[in-house]
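Work through the exercises below with the sequence and the model open. Try each task before reading its solution.

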Amino acid sequence: MKLIASDKSFYRKTLNLAIPITLQCLITTGVNMMDSIMVGALGETSLSAVSLANQFINIFSFACMGLGQGSSIMASRFWGMQDKDALKRTISISLRYAFGLAMIFTIVTFLAPEQLMRMYIDDPGVISEGVRYFGFSTYCYLFWGLSLVGSNILRSIGQASVPLFTSCLAFVSNVGLNYIFIFGKLGLPEMGVAGAALGTLIARILEFTATFGYLFLADRAVRYRLRDVFMPVRHLNREFFKVAFPVVVSDSLYGFGNNFIAMITGQVGAQFVAAYSITTVTQQMSSVLTQGVAQSSSVVIGHTLGRSGPEKAKEEADAFVGLGVIVGVAAAGLILVLAGPIISIYNISEETADIAQQLMYAIAFIILFRAINSILTKGVLRGGGDTRFLMVADIIFLWVASIPLGYLTGVVIAAPAFIVYCALRVDEILKCVLCFVRLRSGKWIKSISAE
């Protein structure tokens, strides 16, 4: 394997995409962290409620990210081919499906917020706070879903700086508005968890407006306009389902899997839920560079396959594995350094802090495998169009290994938090090995046609 690429343009292309994506992920993580800290100041009940409510919202997030990344696979390939008509039709298909998904989740959340919370926990106080949080969060789906798809499309054509700008806008507005609404500043009433949801809703609206304002009015590369949303796409639908639909299924099932994991943590106890919610922010923070490299690798591989062919793409794929090893080691070190200071920020009991510390050590161990796994599954193999294989791998390891082992260690045996987390994320280790074998086989490169 050639783990270091000799072509300097490879690193230049990767950095031009990875840096804005990484910064965007870091900003998003910063928003989540500030939300968590502000809500955490209200107490463990509020913190647990928001964390569990967001588990359901994250199902939608994963589905839309899958839709956006699935369409990005096709868009990157068509951009490499310079087939702009097929690229426009790909954008139209993805926006229509995103709208449909948003409507489904909006209706379900509006009609049954209490039932959704009861899926995760039986604590009446946590359920009540979660229902309040859902009050405004219900209306976030449409704006957030379309923004996620739009951001992925812009990255696939090399416009990664635009999603970065919109994320900066969302960060500033979300943090500021959440502070005002949660704690009742500027003469407004103190809204608690409902204020956190309202601030997030307004931030999502601003993010959506900026993203599509640029795509519809300012972009000159593709010249996609509002009227193109309604263009005929039937002849491309089959290819979209072949390439993008497995990504949607894979990421959606991953989101559902995370919800089952949240249900398991809810059965372990409220202290475990609070500790787990603290580590969630740390996981996101330590994974931002991995996400940046993974998402940029998908675009770079797609462009290369569209312009230069499979041999060049294989060389770049090997180099991305080398980057994955470096990023994994760096992320593990970052977690170990930041664990103590981050836990000390929160207003939690000594027992909850001890659980959080154990979870931090477990995350540092798993992140070594997750870094390589993410770059292969979310980047290289996905960019090559090998989405069906990845869908099967996600289903098998998450649902056959991680969830049963997590339930066994967390609920049945009541093992220490370190062991419970490692069991819940054993799929990261298994997929890392399998996907590496798949990479070496060369079977991950698939053809994509606009016909």
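The exercises go from the whole chain to single residues. The model is predicted, so local features need pLDDT of at least 70 and side-chain atom pairs count only at pLDDT 80 or more, while totals for chains, interfaces and linings use all residues. Residues are numbered from 1 along each chain as its sequence is written, and side-chain values use heavy atoms, with hydrogens and water left out.

**Exercise 1.** State how many helices and strands the protein has.

Solution. Take helices as DSSP runs of H or I with at least four residues, and strands as runs of E with at least two, numbered from the N terminus. The count gives 17 helices and 0 strands.

**Exercise 2.** Compare the radius of gyration of the protein with that of a compact globule.

Solution. Step one: the radius is taken over C-alpha atoms, and the globule rule is 2.2 Å times the number of residues to the power 0.38. Step two: for 451 residues the rule gives a value near 22 Å. Step three: the protein has 21 Å, which agrees. The C-alpha atoms fill a box of roughly 55 × 45 × 35 Å along the principal axes.

**Exercise 3.** Find what share of the residues is buried, and what share of the contacts joins residues at least 24 apart.

Solution. Buried means under 20% relative accessible area, exposed over 50%, and partly exposed in between (1.4 Å probe, protein chains only). By this rule 60% of the 451 residues are buried. A contact means heavy atoms within 4.5 Å. Among contacts between residues at least 6 apart in sequence, 84% join residues at least 24 apart.

**Exercise 4.** Examine residues 55–75 and 320–346, which are among the ranges that an unreviewed UniProt entry lists as "transmembrane region".

Solution. Note that such annotations may be inferred rather than shown by experiment; the positions follow the numbering used here, and feature names are shortened. Residues 55–75 are 100% helix and 0% strand, with end C-alpha atoms 29 Å apart. Residues 320–346 are 96% helix and 0% strand, with end C-alpha atoms 37 Å apart.

**Exercise 5.** Describe the phi angle and the setting of arginine 223 and of alanine 414.

Solution. Start from the rule that most residues other than glycine have a negative phi. Arginine 223 has a positive phi, near 60°. This arginine sits in the loop between α8 (193–218) and α9 (234–243). Its relative accessible area is 46%, so arginine 223 is partly exposed. Alanine 414 also has a positive phi near 60°, and lies in the loop between α15 (387–412) and α16 (417–424). Its relative accessible area is 57%, so alanine 414 is exposed.
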